[in-house]
Every structure is written in structure tokens, then in C-alpha cells.
Amino acid sequence: MHELSMAQGIINAVLETAEANDATEVNEVSVEVGRLAMINPEQLEFILGVLIENTIMEDAEITFEEIPAEIICSDCNFKGEAILDDSDHYAPLVKCPKCDSLGVEVLNGKDIVVKNIVIEKPDDN
């Protein structure tokens with residue numbers, strides 16, 4: 001299950017950052033998920049909910065933003081958002097919207113990135 005390892009990676013990144021900043025709680029986490037990351041967002045969200053139990057992330061609001069697939073076409077030099085035929089969720093076809101070519105280089109939209117973390121720190125009195 002690919003989503004399990006991705007969820008664990010997200011949690012590790014958030015907890016390492018929170019601990020390095022002496023956080024007592026993580027309130028919010030924003031995650032960017034590329035259209036070509038080959039992740040089922042619903043499964044990722046479910047697994048994250050289970051794995052963050054009994055951690056300082058337990059009550060965090062986790063939001064996801066889908067990042068479109070951006071390409072450059074080797075046939076017509078189009079640069080921009082690709083057409084995706086994702087009828088097969090695990091192997092989507094990436095096409096140029098201008099010339100319908102499959103000869104494209106993916107520039108963006110394959111990654112999963114923790115974009116923002118909001119933490120709570122102890123009061124220094």
C-alpha cells in the first residue's frame with residue numbers, strides 16, 4: 001500500500017519539524033498532492049487519521065491541495081497543464097492539450113509536499 005508509506009513520510013516530516021521548534025501541538029498541516037503522485041487522496045487522508053492518533057498531530061486539521069500536471073511537449077513546445085487520461089488510476093496517460101502528443105516531459109505534479117505547518121509552543125513565563 002503506497003499510501004501508507006506516503007502517510008508515514010508526511011507524519012515524520014511534520015513531527016521532526018514540530019519537535020525541532022519545541023511544539024506542544026500541531027494545529028494545521030497543508031499538503032500539496034500532485035495529480036501524478038499516484039496516490040488515492042481518500043486513502044491517504046484515512047491512513048493519516050489513524051497514524052496520528054496519540055501524537056501531537058492528533059487534533060490537527062490536515063488539508064490537501066491538488067497540484068495539476070504541468071508539461072512541456074517535445075512535438076509542439078506547448079508548456080502548461082497537461083491532459084490526463086486517468087481511467088487507470090495507477091498509470092495515467094499524460095498528453096499535450098495542444099497537439100495530443102504523448103511525447104511530453106513532466107515539469108510539475110508528481111510530488112507530495114508538506115507545504116505549511118501551524119504549531120503551538122509552550123508559553124515562556
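Is Arg35 buried, exposed or partly exposed, and what is its relative accessible area? In this predicted model, Arg35 is partly exposed, with a relative accessible area of 32%. That value falls between the limits of 20% for buried and 50% for exposed residues.

Side chains of opposite charge can pair when their charged atoms come close. A search of the whole structure turns up one salt bridge, and Arg35 forms it with Glu66, the closest N and O atoms being 3.9 Å apart. Arg35 sits in the loop between strand 1 (25-34) and helix 2 (41-51), while Glu66 belongs to strand 2 (residues 61-67), so the pair ties together parts that are 31 residues apart in sequence. Glu66 is exposed, its relative accessible area being 54%, whereas Arg35 is partly exposed.

The loop residue Lys110 may be considered next. Lys110 is located between strand 7 (104-108) and strand 8 (112-120). With a relative accessibility of 51%, Lys110 counts as exposed, because the exposed class begins over 50%. Leaving aside neighbours within four places in sequence, Lys110 is in contact with Gly34, Leu36 and Ala37.

Turning to the helices, two packed helices are described by the angle between their axes and the distance between the axes. For helix 1 and helix 2, the angle is about 55° and the axes are 9 Å apart. This angle makes helix 1 oblique to helix 2, and the crossing of helix 1 and helix 2 is right-handed. On the side of helix 1, the contact is made by Glu3, Leu4, Met6, Ala7, Gln8, Ile10 and Ile11. Helix 2 contributes Gln43, Leu44, Ile47, Leu48 and Leu51 to the contact.

Strand pairing gives another view of the fold. Strands of a sheet pair through backbone hydrogen bonds, either parallel or antiparallel. An open sheet of three strands is found here, with the order 4-3-7 and antiparallel pairing. Strand 4 (79-81) and strand 7 are the edge strands, each pairing on one side only. Neighbouring strands of this sheet are turned by 35° against each other on average, with direction ignored. Within the sheet, strand 3 (residues 70-73) pairs with strand 7 in the antiparallel sense over four bridges. Cys73 has Val104 of strand 7 as its bridge partner.

Finally, the backbone angles of two loop residues deserve a look. Asp22 occupies the loop between helix 1 (2-20) and strand 1, and its phi is near 55°, a positive value in a residue other than glycine. Asn54 also has a positive phi, of about 65°, although Asn54 is not a glycine. The loop that holds Asn54 runs between helix 2 and strand 2. As for accessibility, Asp22 counts as exposed at 53%, and Asn54 is exposed with a relative accessible area of 72%.

Definitions and conventions:
Residues numbered from 1 in each chain as written. Predicted model: local features only at pLDDT ≥ 70, side-chain atom pairs only at ≥ 80, totals over all residues. Heavy atoms only, no water. Buried < 20%, exposed > 50% of the residue type's maximum accessible area, 1.4 Å probe, protein only. Contact = heavy atoms within 4.5 Å. Salt bridge = Lys/Arg side-chain N within 4 Å of Asp/Glu carboxyl O. Pairing = 2+ DSSP bridges. Axes fitted to C-alpha atoms, helices over the stretch in contact; angles between N-to-C directions. Parallel < 35°, antiparallel > 145°, perpendicular 65-115°, else oblique. Left-handed = near helix turned anticlockwise from the far one by under 90°.
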